[in-house]
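Hello,

Here is the structure I promised to pass on to you. Have a look at it first, and then read on for what I found.

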Amino acid sequence: NINHLTFNNNLVPIKLSEDDFGSSVITANIFECDGDYLTKSPHIGVYPQQHILLEDVTGIHIGGSGNALNSFYDIYVGIKAIRSSLLVTNSEFVNLKNYNTQPPQKGVGILAQNGTATACTLEVDSRFRNLYRGIFSSGNFDVTIQDCEYFRDIDGEAISINCLNYPNTII
């Protein structure tokens, strides 16, 4: 479990890959990047792209229960999931930005991609504010989005689902 930590000015604060994290929870953490880009060697001047990177992961719970939120700020993508199944609850995605473009553009809360024939699951109950997209999925996903408290000031799509023949629920 990863709980009650502040991640600031990291290239990739959390990367999980190729495992089942069914008993793991990431909760009550703050993910940010003061100054928008990294200022320490060997990544001076690099703009981080995501706070949490998941590759070929199953069973991870990002959020937890109760009032303690995961908070994602400042960089392009809050959570990037590649060929991964995840549950995201009690998290807020606010003021994410893509500094690799000029002028900087608003970012994406959750970006999920799966080009395999096996469906992954994406379940979300969180908050999204001042972004380009709240949730974007492409490929083979069974998507459930329910009880999200709000999608506010989203310039593009609040929810964009591009999935293949799987049940998707938005409540």
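Is Val-12 buried, partly exposed or exposed? Val-12 is partly exposed, because its relative accessible area is 31% and the partly exposed class runs between under 20% for buried and over 50% for exposed. Please keep in mind that this is a predicted model.

Val-12 sits in the loop between strand 2 (6-8) and strand 3 (14-20). Together with Leu-11 and Val-46, Val-12 makes a nonpolar surface patch of about 170 Å².

Now to the charged pairs. Side chains of opposite charge can pair when their charged atoms come close. There are five salt bridges in the structure, and I would like to point you to some of them.

One of them joins the side chains of Lys-15 and Glu-55, at 3.3 Å from N to O. This pair links distant parts of the chain, with Lys-15 in strand 3 and Glu-55 in strand 6 (residues 50-58), 40 residues apart.

Another is formed by the side chains of Arg-127 and Glu-149, with an N to O distance of 2.9 Å. Here too distant parts of the chain are linked: Arg-127 belongs to strand 14 (residues 120-131), while Glu-149 is in the loop between strand 16 (141-145) and strand 17 (150-154), 22 residues apart. Arg-127 is partly exposed, at 23% relative accessible area, whereas Glu-149 counts as exposed at 52%.

Then there is the salt bridge between Arg-133 and Glu-157, whose closest N and O atoms are 2.5 Å apart. Arg-133 lies in strand 15 (residues 133-139) and Glu-157 in the loop between strand 17 and strand 18 (159-163), so this pair ties together parts that are 24 residues apart in sequence. Glu-157 is partly exposed, with 32% relative accessibility.

On to the interior. In soluble globular proteins, nonpolar side chains tend to be buried together. The largest nonpolar core here has 32 residues, and Leu-54, Ile-62 and Ile-79 have the most contacts inside it. Among the elements that give two or more residues to this core are strand 3, strand 6, strand 7 (60-62), strand 9 (77-82) and strand 10 (86-94). The most comes from strand 14, which gives five residues.

Happy looking, and best wishes

Methods. Residues numbered from 1 in each chain as written. Predicted model: local features only at pLDDT ≥ 70, side-chain atom pairs only at ≥ 80, totals over all residues. Heavy atoms only, no water. Patch = residues over 30% accessible without salt bridge, like charges linked within 9 Å, V, L, I, M, F, W, Y side chains within 5 Å. Areas by Shrake-Rupley, 256 points an atom, 1.4 Å probe, with all protein chains shown as cover. Salt bridge = Lys/Arg side-chain N within 4 Å of Asp/Glu carboxyl O. Helix = DSSP H or I, 4+ residues; strand = E, 2+ residues; numbered from the N terminus. Buried < 20%, exposed > 50% of the residue type's maximum accessible area, 1.4 Å probe, protein only. Core = buried A, V, L, I, M, F, W, Y, C linked by side-chain atoms within 4.5 Å.
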